[in-house]
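Student: I would like to learn how to read the features of a protein model, one at a time. Could we begin with what it takes to say that two residues touch?

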Amino acid sequence: MRTKKAAPLLAAGAALTALALLSACSGDSDRPAAAGSTAPARPQARQEEPAVDGLPGMPPVLDPKDMYAADRPGLLSPVVKGFPSLVYVPNTNSDTVSVIDPKTYRVIRTIPVGRQPQHVVPSWDLKTLWVNNDLGNSLTPIDPRTGEAGRPVAVHDPYNLYFTPDGKYAIVMASNDRELVFRDAHTMKTVKALPVSCYGVNHADFSIDGKYFIVSCEFSGELLKVDTARMEVLRQEKLPFHGAMPQDVKASPDGKRFYIADMMADGLWVLNGDTFAKPTFLATGKGAHGLYVSRDSRRMYISNRGEGTISVFDFAQDRLTDKWRLPGGGSPDMGGVSADGKVLWLSGRYNSEVYAIDTGTGTEIARIHVGSGPHGLAVYPQPGRYSLGHTGVFR
């Protein structure tokens, strides 16, 4: 949220099994039988159509039942394998980014940035971390290999930042300007500014085929469905709750549902993105805010900022299975899961702190003091082939 102006992991064997299957598919099984053989001749292998007809230019979906299949522990892109593992915390009131070493749970560096940094966002190509200086009207690039900040890029009202699945465009969530601004993903030059009639465009996530995305409008309690290629709003609906304030958006692994946290309704809206029909509701806790999928795609962690808890949702069972309470309370907000899936990192928005939580037991491992107003922290690097933005949504 912004002010109005002011687990078990999948066994490693699963990955090995998948590699073995790929190897088997590319072996000798499709060769025709030798002359004189009594074995029936096999048909020549045809080039298979992708399981999901994705947005042109988007990397193919690896598993139509799990869009997060590339996010398993150990599946680091070659692009990021030399990057040090760090946690980057934007402090909205201090105008800084605190850098935490996840091995020692200590702040090792503080980076001055622009006014009111909201989120630290990995770029589509994984090479840059963009700090969204909302009221500073700029993006500060950080080189994740060195931790050095570069020259800020002028971008108006960058509350949040996403990238289209084909890697062509960055999408600036210009909340106060009431626009979705499509920019060149590398130069950040404006390609198209899309005005919207809702208030407080905020968070988003993409369909499994990348052809549309769902956007939350925090201040008017609405949702948008946006065509990715045409850069146009397809549908707009108001949530069926008086005073609704939708926050984070996350798609289910199979892409059949979108979950939207609502900090006033105190739970999740469950939406069929294809039909965009009236969503159902699941209560989780006061101030439901951030949504994070486990490394094995089985669970989703929901930060309930207003009560200092994290709810655990099981996708297969379609229900909540646990609730973890921070000892002494807190204000868990935005964050991400460690590369190995063992730690959930969340900012404590109103407590100038960051929480490290064991995903196996739900216990608090560490509570780290940072600057004032910590918000959209990024754990980096993480597994995945490319980033869709926010604090790290990888495919």
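Tutor: Contact means that heavy atoms lie within 4.5 Å. Before we apply this, note that the model is a predicted one, in which local features need pLDDT of at least 70 and side-chain atom pairs count only at pLDDT 80 or more, while totals for chains, interfaces and linings use all residues. Residues are numbered from 1 along each chain as its sequence is written, and side-chain values use heavy atoms, with hydrogens and water left out.

Student: Which residues is serine 216 in contact with, leaving aside its neighbours within four places in sequence?

Tutor: The list for serine 216 comprises Gly200, Val201, Asn202, His203, Glu222, Leu223, Pro246, Gln247, Val249 and Ile260. Serine 216 belongs to strand β14, residues 212-217, where helices (H or I, at least four residues) and strands (E, at least two) are DSSP runs numbered from the N terminus.

Student: Is serine 216 buried or exposed?

Tutor: Buried means under 20% relative accessible area, exposed means over 50%, and partly exposed is in between, using a 1.4 Å probe and protein chains only. Serine 216 counts as buried because its relative accessible area is 0%.

Student: What does the side chain of serine 216 reach?

Tutor: Here we need the polar contact, a pair of N or O atoms within 3.5 Å; within protein, one must be able to donate a hydrogen and the other to accept it, and residues adjacent in sequence count only if both atoms are side-chain atoms. The side chain of serine 216 reaches the backbone oxygen of glutamine 247 at 2.7 Å. Another such contact, of 2.9 Å, joins the side chains of serine 311 and asparagine 304. Serine 311, which is found in strand β23 (residues 309-314), is buried as well, with a relative accessible area of 1%.

Student: How many disulfides are there?

Tutor: A disulfide is a covalent bond between the sulfur atoms of two cysteines. The rule used here asks for a pair of cysteine sulfur atoms within 2.5 Å, and by this rule the count is 1. Cysteine 198 is joined to cysteine 217, with an S to S distance of 2.1 Å. This pair links distant parts of the chain, since cysteine 198 sits in the loop between β12 (190-195) and β13 (201-206) and cysteine 217 in strand β14, 19 residues apart. Both cysteine 198 and cysteine 217 are buried.

Student: Why is the disulfide of cysteine 198 and cysteine 217 called left-handed?

Tutor: The torsion about the S-S bond is about -50°, and therefore the disulfide of cysteine 198 and cysteine 217 is left-handed.

Student: How should I read a nonpolar core?

Tutor: In soluble globular proteins, nonpolar side chains tend to be buried together. A nonpolar core is a set of buried Ala, Val, Leu, Ile, Met, Phe, Trp, Tyr and Cys residues joined through side-chain atoms within 4.5 Å. The largest one in this model has 51 residues, and those with the most contacts inside it are Leu180, Val201, Phe213 and Val215. Strand β14 gives the largest share of this core, 5 residues. A second, separate core of 16 residues includes Phe83, Tyr88, Leu126 and Val131.

Student: Finally, what is the order of strands in the open sheet of 4 strands?

Tutor: Strands of a sheet pair through backbone hydrogen bonds, either parallel or antiparallel. Two strands are taken to pair if DSSP finds at least two bridges between them. The open sheet has the order β17-β18-β19-β20, with antiparallel pairing. Strands β17 and β20 (280-283) stand at the edges, each with a single partner strand, so one side of each has no neighbour in the sheet.

Student: How many bridges join β17 to strand β18?

Tutor: There are 4 bridges between β17 and β18 (residues 258-262), which run antiparallel, and lysine 250 stands opposite tyrosine 259 in β18. The two strands form a hairpin with 6 residues between them, and glycine 255 in the turn has a positive phi of about 75°. Strand β17 (residues 246-251) is mostly covered, for 6 of its 6 residues are buried. Further along the sheet, 4 bridges join strand β19 (residues 267-271) to β20, with leucine 268 opposite leucine 282 in β20.
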